[in-house]
Amino acid sequence: MSENKKILDEEKINLADATRVKYFDIVIDHGQGAIITDADGTDYIDLLASASATNIGHSHPKVVAAISNQAKKLIQYTPAYFANPVTASLAKRLVDITPGNFKKQVVFGNSGSDANDAIIKFARGYTGRSYVVSFTGAYHGSTYGAISISGVSLNMTRKIGPLLPNTIKVPFPDQTQREAGESDDAFSERLFKQFKLPFETYLPADEVALVIIEPIQGDGGIIKAPQKYMSLIYEFTRKHGIVFAVDEVNQGLGRTGKLWSIDHFGIAPDMMSIGKSLASGLPLSAVVGRTEIMSSLSAPANVYTTAGNPVTAAAAMATLDVIAEENLVARSKKLGELARDFFEQAARSYWFIGDVRIYGLNGGIDIIDEHGKPDNQATTKLIYRIFELGAIMISLRGNTLRFQPPLVITEEQLTQSFKILTQAFTELAAGNLSLPETDNHIGW
Ligand SMILES: Cc1ncc(COP(=O)(O)O)c(C=O)c1O
């Protein structure tokens with residue numbers, strides 16, 4: 001029996017279903033750069049980067065060294081009670097590298113989810129208001145606050161309510177829903193009307209604490225809000241004294257070809273959540289926000305024993321060094337252009353490839369049927385075949401290919417992954433792919 005299967009069979013007895021969205025029956029044993037290796041010793045090109053949590057690649061030597069050196073000095077003393085040098089340095093660095101020419105402060109957390117919870121707490125604390133506005137298609141995390149403002153899967157609501165009160169969702173400006181011939185501006189105006197509808201009918205703006213958005217939705221399908229729409233809602237928050245926050249957990253740290261996804265829009269948000277790749281996948285998140293907002297609560301309003309842990313902070317310092325030294329933001333942009341060329345060409349060659357959205361080494365590629373409708377089965381066939389051919393790619397919202405390799409992927413590895421994708425596309429076009437034989441439901 002394969003080692004993968006042995007481990008999975010045993011794990012299945014002990015691990016609850018709610019913790020994993022199922023894709024392929026592999027066990028990741030180790031990784032280096034953009035290559036991961038399973039428990040049977042098979043290599044794969046990683047086109048997922050641990051859900052955008054290893055932007056600088058797996059086990060980067062500088063991060064490994066930073067973790068090990070810090071572990072020799074001090075693994076943990078809770079920042080909830082006493083400072084340590086590396087966490088203090090990281091707080092300053094995050095203030096320096098986030099947008100906004102105003103005074104900022106930082107809180108640390110253990111996950112993107114608790115960072116978004118913190119945003120809700122501080123926005124409420126600062127404004128003295130309770131309502132929170134977020135967007136359909138959003139994924140902000142799995143703690144009660146973050147799950148309450150998410151809108152991407154029924155399983156994030158089903159059976160677990162009541163959720164956090166006073167949370168409202170408005171439609172995300174999903175460009176795939178644009179009417180034929182509708183310009184960016186017209187689409188933005190139409191969606192802004194929908195944004196304003198609650199405010200005009202049942203939601204007094206002066207009771208709203210927060211508008212939180214992923215400027216480019218990640219799990220929602222890698223979908224970028226139009227510039228005009230972002231400007232309109234940002235201006236709306238200015239007019240009504242509402243905190244404007246962005247979630248950079250998925251799309252931050254170079255993923256989109258800019259350091260932050262909000263940098264595409266020239267807006268300095270009041271607050272920003274960061275996680276995933278910050279410590280190369282070690283559990284560390286942060287919220288950076290205007291000092292007047294961040295000073296509105298007192299300890300222990302947002303205290304966690306391990307948040308800002310020195311080993312994770314050292315990993316984050318090394319990760320930020322690598323992003324700068326290896327010019328990974330520019331690399332994401334440059335290699336992202338190769339990816340755009342490849343997927344746009346593929347869309348011309350294969351009728352089942354619909355909308356292609358690429359922002360840096362970061363893409364959502366829709367798979368459609370002959371009527372132009374989402375084709376979830378074809379998507380599953382494709383990702384399974386891509387897996388068999390040696391690359392890891394998963395789907396989003398059923399019919400979107402998720403393309404998020406580590407930013408250190410070599411051009412050779414990228415070319416190899418394009419070859420694998422082309423083979424899978426060609427086989428699907430020839431009607432040669434079938435659904436995998438597995439007892440697992442695949443995907444979200
Ligand atoms: C945009 C965004 N925000 C927040 C989160 C939650 O982060 P975590 O899983 O670390 O709690 C995610 C995770 O996928 C995410 O994509």
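Which residue forms a salt bridge with Lys6, and how far apart are the closest N and O atoms? I started there and found Glu3, with the closest N and O atoms 3.4 Å apart. For the record, I call it a salt bridge when a side-chain nitrogen of Lys or Arg lies within 4 Å of a carboxyl oxygen of Asp or Glu.

Ground rules next. I am working on a predicted model, where local features need pLDDT of at least 70 and side-chain atom pairs count only at pLDDT 80 or more, while totals for chains, interfaces and linings use all residues. Residues are numbered from 1 along each chain as its sequence is written, and side-chain values use heavy atoms, with hydrogens and water left out.

Back to the first pair. Lys6 and Glu3 sit three residues apart in helix H1 (residues 3–14), about one turn of the helix. My helices (H or I, at least four residues) and strands (E, at least two) are DSSP runs, numbered from the N terminus. I also looked up accessibility, with buried meaning under 20% relative accessible area, exposed over 50%, and partly exposed in between (1.4 Å probe, protein chains only). Lys6 comes out partly exposed at 43%, and Glu3 is partly exposed too, at 31%.

I then asked how many salt bridges the structure holds, and the count is 22. Another one I looked up joins Asp96 to Lys92, with 2.7 Å between the closest N and O atoms. Both belong to helix H4 (residues 85–97), four residues apart, so about one helical turn separates them. Asp96 is partly exposed at 49%, whereas Lys92 counts as exposed at 53%.

Buried or exposed: what is Glu182, the partner of Arg190? Glu182 is buried, with a relative accessible area of 13%. Arg190 counts as partly exposed at 24%. Their closest N and O atoms are 2.7 Å apart.

I also noted a network of salt bridges linking Asp174, Asp355, Arg357, Asp366 and Arg397.

Four of them form an open sheet in the order E13-E14-E17-E16, with antiparallel pairing. At the edges I have E13 (353–358) and E16 (394–396), each pairing on one side only. I count two strands as paired if DSSP finds at least two bridges between them. From one strand to the next, the twist averages 30°, using axes fitted as lines to C-alpha atoms (for helices over the stretch in contact) and angles from 0 to 180 degrees between N-to-C directions.

Last entry: E13 and E14 (residues 363–367) run antiparallel and are joined by four bridges. Val356 stands opposite Ile365 in E14.
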